[in-house]
Amino acid sequence: MEYWSDGIMKKSLLASHFILVAILIFAPAALAQKLVIAWTAVSAFNSPFWIMSDAGLYKEEGLDVDTMYIASSPIAAKATLAGEVVISAQNSQVIADSGLQGADLVAIGATVNIVPFYVMAAPEINSVTDLKGKTVGVSRFGAATDFGMRMFLAKHGLVAHRDVAFIQIGGMPEIATALSKKMIAAAPMSYPMVYVAEQGGAKVLANLAKDAIPFVHLTLTTTKRFLKDKRPQVKAFLRAYGKAMHFLYNRQAESLAIFAKYTKIKDQKMLEGSLKYGYEFMEKVPFVKRAGFQVTLDEIARTNPKAKQAKPEQFFDNSITQELVDEGFFTKLWGRTP
């Protein structure tokens, strides 16, 4: 009887040993946290999110991710602060506005650090000076289109609302319609609606990639708490982003297929134009540029005095991107320093 009990004990200990080994082997996968990541616009600038998902780059980096589309940066920001989303695409104004109110959103990377528009104009407009005395359209006052157009005119010696009138029109489709109907002389636009405006008779007056007006247009954003508690996951995400940008440049046919899936665009020229648009403005190495965030604070300071006392560094953290640079990640990926 004693032998039988001893045998049972040995068998139980052996079984427990195997169970413990199985837990140690399989627990990381079983307990892996599913991350919810949100993109916020059907545009080339959000395409890394599509590629990271569809090309298996999240899985390649050991991340279990669900992606979702939230068609509003402020709503996505609230979801990120609530922990319902862990990383989202945001513009710098949303981050700064929430930060000035005490929230802890932080940009861990930037997709676009300059004003990312083409200035589309009526056929008879041949230079920026031709806009004097004319009316230009923007999506809404205070938006990136408004800011970008004001800065563009200022660089060429024209003062918004004095030399050139501004009107709010709405979305890019409405702006394209206003151009085609001669309601406005020019407007800052993005792809794919640039192509639509061209089909309606408008032309590219200026490509703001050449003007390089600082403005953190789109960031990769999380909370300071998530960055602190889940730094390895954030680093894995940024590696996946780097790989997505490399994919965009080196696997164009597959990238265009992914663009077509998410944008629902069937016109090949429009798809190719959207990809080219992304090449002109997007960052291969996603450092957030301080100058761009300072511009955001200067804009906010026009209506919120708190912004005058704030520093850009309160709202972004480049430390992980710098780690990846120091480790040679981007150089190895591109075969050179991008």
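Q: Which residues of α4 are buried?
A: Burial is judged by relative accessible area (1.4 Å probe, protein chains only): buried means under 20%, exposed over 50%, and partly exposed in between. In this predicted model, local features need pLDDT of at least 70 and side-chain atom pairs count only at pLDDT 80 or more, whereas totals for chains, interfaces and linings use all residues. Residues are numbered from 1 along each chain as its sequence is written, and side-chain values use heavy atoms, with hydrogens and water left out. Within α4 (73-81), the buried residues are Ser73, Ala76, Ala77, Ala79 and Thr80. Because these residues cover an arc of only 160° around the axis, they lie on the same side of α4; the arc is that of the directions from the helix axis to the C-beta atoms.

Q: Why do residues three or four places apart point the same way in an α-helix?
A: An α-helix has 3.6 residues a turn, so residues at that spacing point the same way. On the other side of α4, Ile75 and Lys78 are exposed.

Q: Against which elements do the buried residues of α4 pack?
A: Contact means heavy atoms within 4.5 Å. The buried residues of α4 pack against β3 (87-90), α5, β4 and β10. Helices (H or I, at least four residues) and strands (E, at least two) are DSSP runs, numbered from the N terminus.

Q: Where is Ala110 placed, and is it buried or exposed?
A: Ala110 belongs to strand β4 (residues 105-114) and counts as buried because its relative accessibility is 0%. Beyond its neighbours within four places in sequence, its contacts are Val216, Leu218, Thr219, Tyr241, Glu283, Pro286, Phe287 and Val288. Glu283, one of these partners, is in the loop between α13 (268-281) and α14. Glu283 is also buried, because its relative accessibility is 17%. Not counting residues up to four places away in sequence, Glu283 touches Ala110, Thr111, Asn113, Tyr241, Met245 and Lys289.

Q: What is the volume of the largest pocket, and what lines it?
A: Rolling a probe the size of a water molecule over the atoms shows where empty space is left. On a 1 Å grid over the protein atoms alone, a pocket is an open set of points where a 1.4 Å probe fits, with protein on both sides within 12 Å along at least five of seven lines; lining residues have an atom within 4 Å of a point. A volume is the space filled by probe spheres set on the points, which are joined across faces, edges and corners. The largest pocket has a volume of about 1400 Å³. Its lining has 49 residues, with Asn91, Arg140, Ala143, Ala144 and His217 nearest its centre.

Q: Which residues are closest to the centre of the second largest pocket?
A: The second largest pocket has a volume of about 180 Å³. Of its 14 lining residues, Thr80, Gly83, Val86, Thr223 and Phe226 are closest to the centre. Two or more lining residues come from each of α4, β10 and α10 (224-229).
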